[in-house]
Amino acid sequence: MTWLPRSLAGRLRLAAIVAVIAALLIAGIVIAFILQRFVVGQIDQRLDAQIFAVASALQRDGEGRMTVTPVLSGPPYDRPQSGWVWQASGPSGDAVSATLAGVGPVKLPAVVPGHFDNFVGFRDWFGLLRSLGRPRTAEGAGAGGEMLHWRTLEVPFGTERVTIAAGAPLRAIYGPLREALLPLALALLTLGLLLCGALFAQVRLGLRPLASLREGLADIRAGRRNALPTDQPSEIGPLVEEVNSLLADNAEGLARARRHVANLAHGLKTPLAALSLALEPRPARASSDAIVTSGALGMRDQLGLMERLIRHHLARARAAALAGPARASTPVRDRLSDLTSMIANIHRERAIGFEMSAMSDFAVAVETQDFDEIFGNLLDNACKWARSRVAISASSDDGDVTITIEDDGPGIDAAAMPEAMRPGRRIDEAAPGHGFGLPIAAELTELYGGHLNLSRRSEGGLRVEVRLPKAL
């Protein structure tokens, strides 16, 4: 909504102000209503006491007319125009307070109906209750036109029914009420200001961790820190963890990209050196045609190797940028079947036998081309060193798939395994290759959140276990 502030602090302050104003208004109305009921109740008690006093003082004079003792016109019923009046009216005459002397009884206003008077059948019952002596309320003008608050009661007097009424000016109600509500309003206003100040401070204190997060991100941008502080409130703790995980993933991706560049540079050194040698002048004893032919063939081979290396590392950088393991899915059994057929054809002169254990329909969260490169390198390496057999098996547990490749070759000593995992390092220089197969397979496995482990079989040969995340 356009009228809302754009900042969280502004929205919280606006909500706090609206809530405080609404609460104070409701509290003021409720307190005013309670005070009014209290003041009216006090006035009613005073008027009712006067009514019962008049009822108990009713008597007849020598001529049989109704009269009362003069003492009932004491203060405040003795001061003219005070607004405090009482009167008693019946068939045998009227009696009035000193404030109505010379004026006589006034016409009483209609009685304010009760809550149940409009319900059929309740009027008679409540009429019976009223006959038990409970005064009722009415409001109307007095003798001077001033609005009065009346209490009336009909009482028996001999064989007659006499209506006794006592009235008080409305200023006797609203004057004290006004005097009580003015300091109450000032107190509520002061309370509202204090609450708004407290809420503003609360908003500032509550949003302070967001300001520290902004400062932490600025420090990361400036290179002064590598991650956000983890000592955060519980509400933003998960956000900080996600941001730190994202920063760690980005750092790992950058390190991986740097390794790819280093691998590319290292891999290009050998073919570049070979090209330099091919361009050097040949001894005079060799024929010029032979020199040109052999030089062209050597350069063509080296250029092909350079092209393959460049394609390989560019593909790895693209895979790191796309970050697609969560969306990828490659069936293990089908791809391994295709790869073993291809590798067997490459090494057909050695007649290597492949043993593939029965596999379920596992699928790993790896791009197909990366899966082919991981296990293409591993199977090719196993065939280079195997005497006659390469065994492949797969199992699944805890959301991961473990693929094991074993050969019956000489294997690698445990001390030499870390060296074999370093790019460009070869354990046996007499064997063909460039020393990048195992490191590339390991890096690709780690790229997808997996792990590659080398071990030596008890009966001889190398065991390679590749653990990859299972596709969803």
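1. In the hairpin formed by β11 and β12, two residues lie between the strands, and D398 adopts a positive phi near 55 degrees. Strand β11 (residues 389-397) and strand β12 (residues 400-407) run antiparallel and are joined by eight bridges. S395 has T402 in β12 as its bridge partner. Strands here are DSSP runs of E with at least two residues, helices are runs of H or I with at least four residues, and both are numbered from the N terminus. Two strands are said to pair if DSSP finds at least two bridges between them.

2. This is a predicted model, in which local features need pLDDT of at least 70 and side-chain atom pairs count only at pLDDT 80 or more, while totals for chains, interfaces and linings use all residues. Residues are numbered from 1 along each chain as its sequence is written, and side-chain values use heavy atoms, with hydrogens and water left out.

3. Strand β11 also pairs with strand β9 (residues 353-356), in the parallel sense and over four bridges. Here F354 stands opposite V390 in β11.

4. An open sheet of five strands has the order β4-β3-β7-β6-β5, with antiparallel pairing. Its edge strands are β4 (93-96) and β5 (136-141), each of which pairs on one side only. From one strand to the next, the twist averages 25 degrees. Four bridges connect β3 (residues 85-90) with β4, and A88 stands opposite A95 in β4. Helix α1 (residues 8-57) packs on this sheet and touches β3, β5, β6 (147-157) and β7 (160-169); the direction of α1 makes about 35 degrees with that of β6. Contact means heavy atoms within 4.5 Å. Axes are lines fitted to C-alpha atoms, for helices over the stretch in contact, and angles between N-to-C directions run from 0 to 180 degrees.

5. Two packed helices are described by the angle between their axes and the distance between the axes. For helix α8 (residues 368-385) and helix α10 (residues 437-447), the axes come within 9 Å and cross at roughly 145 degrees. Residues of α8 in this contact include D370, I374 and L378, and those of α10 include L438, I440 and L444.

6. Two cysteines deserve a remark on burial. C383 is buried, at a relative accessible area of 0%. C196 also counts as buried because its relative accessibility is 19%, and buried means under 20% relative accessible area, with exposed over 50% and partly exposed in between (1.4 Å probe, protein chains only).
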